[in-house]
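This report examines selected local features of one structure. The sequence and coordinates follow.

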Amino acid sequence: MALPRRYHSATLLPSGQVLVAGGFHESTGILTSSEVYEPALGSWRAAGPLATGRYFHTATRLPDGRVLAAGGVSHGDQASAEVYTPEGSDEPPTEPAGTSLLLQVVDASGTPIPGAAVSSQGAVFSLDSSGHRLFENLPPGRFFARVDALGFTSGTAVVELQAGAHVGAQVKLLPLAAPIPFQAEHGGIIQTEQVRVSIPPDAVVDAMGQPVTGTVQVTIAPLDPTSQLDAMPGPLEGTAAADGESVPLESFFMAEVSLSSNGAQVQLAPGKSATLEFVLPAALATQFQAGDSVPAWWFDLDAGHWREEGNGIIQPSSSQPGKLAWVVEVKHFTWWNCDAPWTNKSCVNVLVVDGYGAPVKGAAVNAKGVSYMGVSRPAYTGVNGRACVEIKRGSTANVFAGLPGHAVTDLVTVTGTTAAAICGSGPCTEVQLVLEDLICTPGAYAQCPYSGPAGTQGEGRCQAGRRRCNVIGTEWSSCQGEVLPAAESCQTPFDDDCDGEVNEDCICSDKQGEPCYGGPSGTRGVGVCQGGTIGCDLFGNVICKGQQLPAPEACWTATDEDCNGVSEACETGPTGWASTGSMAGPRYLHAATPLPNGKVLVSGGVGPGGSYLATEEVYDPAAGTWSATGSMASPRYQHTATLLPNGKVLVSGGSDRNGYLTTAEVYDPATGTWSATGSMASPRYQHTAVLLPNGKVLVSGGLNVTTAEVYDPATGTWRATGSMTSRRDRHAATLLPNGKVLISGGADRNGYLTTAEVYDPATGTWRATGSMASPRLEHTATLLPNGKVLVSAGFNSSSSLATAEVYDPATGTWSTTRALASPRTRHTATLLPNGKVLVSGGAGNSGAVAAEMYDPATGTWSAAGALASPRSWHTATLLPNGKVLVSAGYNSGALATAEVYKP
């Protein structure tokens, strides 16, 4: 330094320089001078002086990069403060707009990969030269992006965003090792220290499905979960093959295997398979013995999710004597994972505070297994500084804030409870983390000068650098990320030379645009399989764009995924009704809503003794159990519950002891909590709610109400729309294939209705349509696969009905169909994956009745077995595995039982 000093302050600046200010000198006394240390030069330079000499003071870096010097001694105690602005920091930083995510792509050593391509929201985005991309004004909910880069494995970013959050995420890609060649005609055994791949002869085809001959290159990227889980391609969550349930995974080894010929990706031919052998890490192999079976999972890069496909067997390694390996046959190459799913969970409620004890918003909270090789998907703290993560039940995990491999708080080791618990229901372990170094909002930035040619800034990839707050909010960078014009590359999907044209004069094939299909003969046009057109991938390789090839049959859908002309049900065992776990408490006149994770939310209703309920429960089909979740602010029954496009649930109206309600609430499955949203203009009870194709919700009618309103999830507000032609309650509402809504039946002040009407969202108006043959209320209306609507049973002025009618939107008319075997009202109707309709329960003229099945192909009904418990005013929900959950209801009192129907 230029001057000796003591009792001074020293502050690290965003640029990496160090500011020393004030202090005390034996001869000169109290100092006003300050100096800056340049680490790159190893030298000091003078900086602007303090306005007031001071020592024993504090100096704190502010979120915008400036430094606050406060207090201290200056010929007595000093109460003043002043702010230092570093060079290049004259402009205050710009905060990200709306809900935002700062994404950074790096390699295994943390070095940025600026050439990566990020695919999200139907578009492909480039990165700046520091590997960053700021996404702003995002919708709340699940953000997904696929990340690809030449010479690296592919990966994904999967983040759950809360409204208004500014968060950061990092994707780490592994470098590809030198390729290993083999001759396609002869097949080959490709072997590294940890992975062995056996490929049969004549088993490789190109993107057009044509046989590949000559040299094929194999690249293998192994990932040891004991040390590299921060570089996995996506969250350790998978879709189980048996029932489509989403389950967390514990990994024992994974690797990406890829094939290429003449620089283009190739694959195994349809009907061919290869053998993978993964040598298990010594620390994990002790959990197994030869002969054990462990499921195989492949990573779906276009969905950010692992998918179960087959099983591997633990056996002695053929390449590493004395070690155990997992051996599996695969039909395609991608990321493969030796994993065991776990469904028994414990939960950890985490509070993140800064050094002063104030809650920290937007901090990423992670849990990494200690006694198991698993990680939880990061959860981001809300305004209250809280987030909840789930860990393996009864196991230990390290909980921390920051990024995997880069914690910014201490690691807190927790042991999961022995009792099952999930986020949103207790008891969860409570943990507090202290994030002392948080100084800025992830993604906040200050623009730097652009040094490129005039007219190129903002064109193509070209952009100025930025001083940027990093992805975890702990540091400001110096100016970085500038991208200048470069030679146009046919191996990127970007405008590299910033001239306004992308890949000019680049042609990957002289057959671009021609039809193509790479699947087995006879499968094109069958099931989900379809052809595509010849085009280029992100890196200039020839592909068949848009084709859909055969895939393993998914048992929980009605779709023919393997394109053999039949949608097989994979599950065996008896069909019919079976009891499942009972709810915590009885209820009827409640609502049930399927959640995106395959679970079912039950809300409100009437409980024992006529009590009105605000409590909620969630059903887990994988475990067959119920768990409590957050309660609504208001008890209510005969309300509506609608799953929104963002995965949340809107509950509106209903009744409590004080009368009919205008209020509405939104449930967030990620946190298990409810929040108030805008209230309706009219109180509604016995009304209907329909999710429109534009993502908004139409609420119509209700007791003594003619009006209709539309809810906008983006703003949380309601607006009036056209009034119905008839006042009605206890009617049915059905979304038609053309996007319009059919309203049928119900009652008004004068009695029960035969009339029907149709709402057009484009104009916000209603028009009358054909009337039913019978007046009815408390009936069901089901959209059939042929686009028509089945209305069944209900109640008229004197008794329950057995009649049924079908509405044809093309003609606006009704036609009668076969009657049910039993009259019923207050029943349910569920469209099954096979296109038939299951009607269950209800109250008939002589009490509760059993189930029946309607076949649209024949217009007939058949018996569908008897429920274990007769019930009415219950709910029926189609599960992802094709089964139907029937919950609670009324039978001489409220019921707490539930049962499942397997078609």
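T875 lies in strand β74, residues 875–878, where strands are DSSP runs of E with at least two residues, numbered from the N terminus. T875 is buried, at 9% relative accessibility; buried means under 20% relative accessible area, exposed over 50% and partly exposed in between, computed with a 1.4 Å probe on protein chains only. The T875 side chain makes a polar contact of 3.3 Å with that of H590 and another of 2.6 Å with that of S887. A polar contact is a pair of N or O atoms within 3.5 Å; within protein, one must be able to donate a hydrogen and the other to accept it, and residues adjacent in sequence count only if both atoms are side-chain atoms. Beyond its neighbours within four places in sequence, T875 is in contact (heavy atoms within 4.5 Å) with H590, A591, A592, T828, L885, V886 and S887.

The model is predicted: local features need pLDDT of at least 70 and side-chain atom pairs count only at pLDDT 80 or more, whereas totals for chains, interfaces and linings use all residues. Residues are numbered from 1 along each chain as its sequence is written, and side-chain values use heavy atoms, with hydrogens and water left out.

An open sheet is built from 4 strands in the order β44-β45-β46-β47, with antiparallel pairing; two strands pair if DSSP finds at least two bridges between them. Strand β46 (residues 616–620) is joined to β47 by 5 bridges, and E616 has T629 as its bridge partner in β47.

M632 is found in the loop between β47 and β48 (640–643) and is buried, at 5% relative accessibility. Leaving aside neighbours within four places in sequence, M632 contacts G604, L613, A614, E616, V651, E665 and W674. The C-alpha atoms of M632 and A664 are separated by 9.7 Å, with the two residues 32 apart along the chain.

The whole structure holds 26 aromatic pairs. Rings of Phe, Tyr and Trp (its six-membered ring) pair if their centres lie within 6.5 Å; planes under 30 degrees apart count as stacked, over 60 as edge-to-face and the rest as tilted. Two of these pairs are tabulated below.

| Pair | Class | Centre to centre | Angle between planes |
|---|---|---|---|
| Y37 and W44 | tilted | 5.1 Å | 50 degrees |
| Y637 and Y685 | edge-to-face | 5.7 Å | 80 degrees |

Y637 is buried, with a relative accessible area of 11%, and Y685 is buried, with a relative accessible area of 11%. Y37, by contrast, is partly exposed at 26%, and W44 is partly exposed at 35%.

N704 lies in the loop between β55 (697–700) and β56 (708–712). Its phi is near 65 degrees, a positive value in a residue other than glycine. N704 is partly exposed, with a relative accessible area of 40%.
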